[in-house]
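The sequence and model are shown first, and the description follows.

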Amino acid sequence: MLTRTRFETRLAPYQQRLYGFAVAITGDRDRARDLLHDCVVRAATARDKPVDEPAFRAWLFAIMRNLWIDQLRAEERRSRVAQTLSDAMALVPVSLENVAAESFAVRQAFGLLSHDHREVLALVDISGFSYQEAAALLGVPRGTVMSRISRARQALAGLLADDAPRVVPLVRKTGQA
């Protein structure tokens, strides 16, 4: 059995990457913090924890991904009317003047990508998983990860194709697929 101190020691190297993944899939830092907290609680209270470090790391990310999917499903069940209103609001462009920070444009463009594209970019480009590790985590073939990465990078590049930073809406649909 893993003691609390030992668990915290094993978790520490992955917390920043887990948080980055959470920000990427939620699109919101507050929700990401909540998701990270839920992930840590779920992992800490699990009876069986992987012994192997690569398996432990993948297990943590799988917990987070599954928690996020569960949250999306629960939100959808709770309020179809609220989702319809949110969808309508996502279509209203928000005007911003003098957006100069390219990182802001990249974050906004990233938020416009499909869920699959954000997820695969977050795993491979942000969290540092190999294609094979991402494939195992997502439960898809390695080739699927490779093609999703390619299409996601092309989509992101397309959104950022202008020389000047692009102004994009601040509001996006929750749980885009």
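The sections below move from the basis of the model to its fold, its nonpolar core and selected residues.

## Basis of the model

The model is predicted, so that local features need pLDDT of at least 70 and side-chain atom pairs count only at pLDDT 80 or more, while totals for chains, interfaces and linings use all residues. Residues are numbered from 1 along each chain as its sequence is written, and side-chain values use heavy atoms, with hydrogens and water left out.

## Overall fold

The chain holds 9 helices and 0 strands, where helices (H or I, at least four residues) and strands (E, at least two) are DSSP runs numbered from the N terminus. Read along the sequence, this gives the pattern α-α-α-α-α-α-α-α-α.

Of the 177 residues in the chain, 36% are buried; buried means under 20% relative accessible area, exposed over 50%, and partly exposed in between, with a 1.4 Å probe and protein chains only. Among contacts (heavy atoms within 4.5 Å) with a separation of 6 or more, 71% join residues 24 or more positions apart.

## The nonpolar core

In soluble globular proteins, nonpolar side chains tend to be buried together. A nonpolar core is here a set of buried Ala, Val, Leu, Ile, Met, Phe, Trp, Tyr and Cys residues joined through side-chain atoms within 4.5 Å. The largest such core has 42 residues, and those with the most contacts inside it are Leu-18, Leu-60, Met-64, Leu-123 and Val-145. At least two residues of this core come from each of several helices, including helix 1 (4–11), helix 7 (115–126) and helix 9 (142–159), and the largest share, 9 residues, comes from helix 4.

When residues up to four places away in sequence are not counted, Val-145 touches Val-120, Val-124, Tyr-131, Ala-134, Ala-135, Leu-138 and Val-140.

## Selected residues

In helix 1, Phe-7, Arg-10 and Leu-11 are buried. Seen down the axis of helix 1, its buried residues fall within an arc of 95°, so they line one face of the helix; the arc is that of the directions from the helix axis to the C-beta atoms.

Arg-118, in helix 7, is buried yet has no salt bridge, and the nearest side chain of opposite charge, Asp-116, is 8.6 Å away. A salt bridge is a side-chain nitrogen of Lys or Arg within 4 Å of a carboxyl oxygen of Asp or Glu, and for charge Lys and Arg count as positive and Asp and Glu as negative, with His and the chain ends not counted. The side chain of Arg-118 does reach the backbone oxygen of Leu-113, at 2.6 Å.

Methods. A polar contact is a pair of N or O atoms within 3.5 Å; within protein, one must be able to donate a hydrogen and the other to accept it, and residues adjacent in sequence count only if both atoms are side-chain atoms.
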